[in-house]
Amino acid sequence: MMRLGWFLWWCAVALTAVSCRPGVAAAKRNAARLLDAGRIDSAEKLVSSLAGRCPNDTGVLALQVRLYSAERRLLDATAALRRHDSLAGALDSSLAVTVLQSALKDEDEQVIVCAIGACGELALAPMFESVRAALSNRSPFVRCAAVYALPRYGRDSMTLLLAPMMLDDHPAVRAEMLKSAVRLGDTSMLQLTRALGYLETNDYVKWNYIVMCAVLGHSGMADRVRHELSAGYDVLRTEAAATLVRIGEKQRLGYVAAGLHSSEAVARGAAASALGDLHATEYLDPLANCARDSDAGVREEVAYGLGEMGDERGAGTVRTLLTDRKETVRVRALIALARLRQPDVDRIATAALADSSRSVRATAVAVLLASGTATH
């Protein structure tokens, strides 16, 4: 009798499985249609039911990510990604891109800025159009992030894409556009921005205009930059020295490094980022020592600088910054570790999906996508 009972029980289980699987498949298709149609409330009920019936089904998890993204629940979306038994085997680029696109729609401006920055620094091809669209965002900080990120993609006609930003109504965006012109190295920007030198009223933007002209070869501008080596502010002296190094005056590199010891936090940060941009690996140790700086902005630039240097000797310092109390520092450190091509970056990024900061979680997904994990 006992054996008969077990036999009947297994038959019932088998019949249930046979009968419910087609129902699950149909329900998943229906949920996808509801999401496509924007019927979020109806989709939520169906997806919740499916999650209870098939908690480890990859298709159901994908639906959860779509649902949470539509509801701008970035924490839940990343949690759904983490529930895969093997992230490397189950995560695909569509899910990762979904989470990043969700980040770009987040209500927290800092999340959007960090996600765009990560997309640019890691040159994420699937996110290029989203980054370009951010040029018209109502927030000047988001527009700044997009102007910074786009040149990192190294695509043709980038100058024409960015040129309209010289007319942006916010000076920070105009300044960032000029910095991007320097990174692009396109001498046509000298003609495109000529009027800016006469019409600009913001001192910070004018300074970046002088730097751009000097780097791109405008005659006479280098002398104006050299004049700033005796400026009353450390940050101006540091930026001037970095500009002169870029145009071939390598002997000025020591002036840049000297900025690491300034009493001005903004000058220390400028020196840290400039040393990275200049790939000044001979100053790696002094730069790494600044990882203990009391100013979070400086620590953030240290992480950036070490990542840009590309020297694996800086990886140890970057790892210490992954646990920094400031989320912007953790974001930069995570990106820097990816740029240094550390072999365990996938594991670290996966762990970062549980970070308390939404900015860090969005960046972690970007790192996973860039590393190739998302396409395996």
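**Close-up views of a predicted model**

**View 1. Cysteines of the model.** The count of disulfides, taken as pairs of cysteine sulfur atoms within 2.5 Å, comes to 0. A disulfide is a covalent bond between the sulfur atoms of two cysteines. C144 has a relative accessible area of 14% and is therefore buried, the term meaning under 20% relative accessible area, with exposed meaning over 50% and partly exposed in between (1.4 Å probe, protein chains only). C290 is likewise buried, at 11% relative accessibility. The model is predicted, so that local features need pLDDT of at least 70 and side-chain atom pairs count only at pLDDT 80 or more, while totals for chains, interfaces and linings use all residues. Residues are numbered from 1 along each chain as its sequence is written, and side-chain values use heavy atoms, with hydrogens and water left out.

**View 2. The largest pocket.** The largest pocket holds about 1,700 Å³ of space. Among its 50 lining residues, Y148, E176, K179, E301 and R332 are the closest to its centre. A pocket is an open set of points on a 1 Å grid over the protein atoms alone, where a 1.4 Å probe fits and protein lies on both sides within 12 Å along at least five of seven lines; lining residues have an atom within 4 Å of a point. The volume is the space filled by probe spheres set on the points, which are joined across faces, edges and corners.

**View 3. Lining of the largest pocket.** Elements giving two or more residues to this lining include α7 (109-121), α9 (140-149), α11 (171-184) and α20 (296-309). Helices are DSSP runs (H or I, at least four residues), numbered from the N terminus. The largest share, 8 residues, comes from α18. By class, the lining has 25 nonpolar, 11 polar and 14 charged residues; Asp, Glu, Lys and Arg count as charged, Ala, Val, Leu, Ile, Met, Phe, Trp, Tyr, Cys and Pro as nonpolar, and the others, Gly among them, as polar.

**View 4. Surroundings of L278.** L278 lies in the loop between α18 and α19 (284-289). Beyond its neighbours within four places in sequence, L278 is in contact (heavy atoms within 4.5 Å) with A242, V245, R246 and L253.

**View 5. Helix α22.** Because 11 of its 13 residues are buried, α22 is largely enclosed by the rest of the structure. The buried residues include T328, R330, R332 and L334, and their cover includes α7, α9 and α20. R341, with a positive phi near 55°, follows α22.
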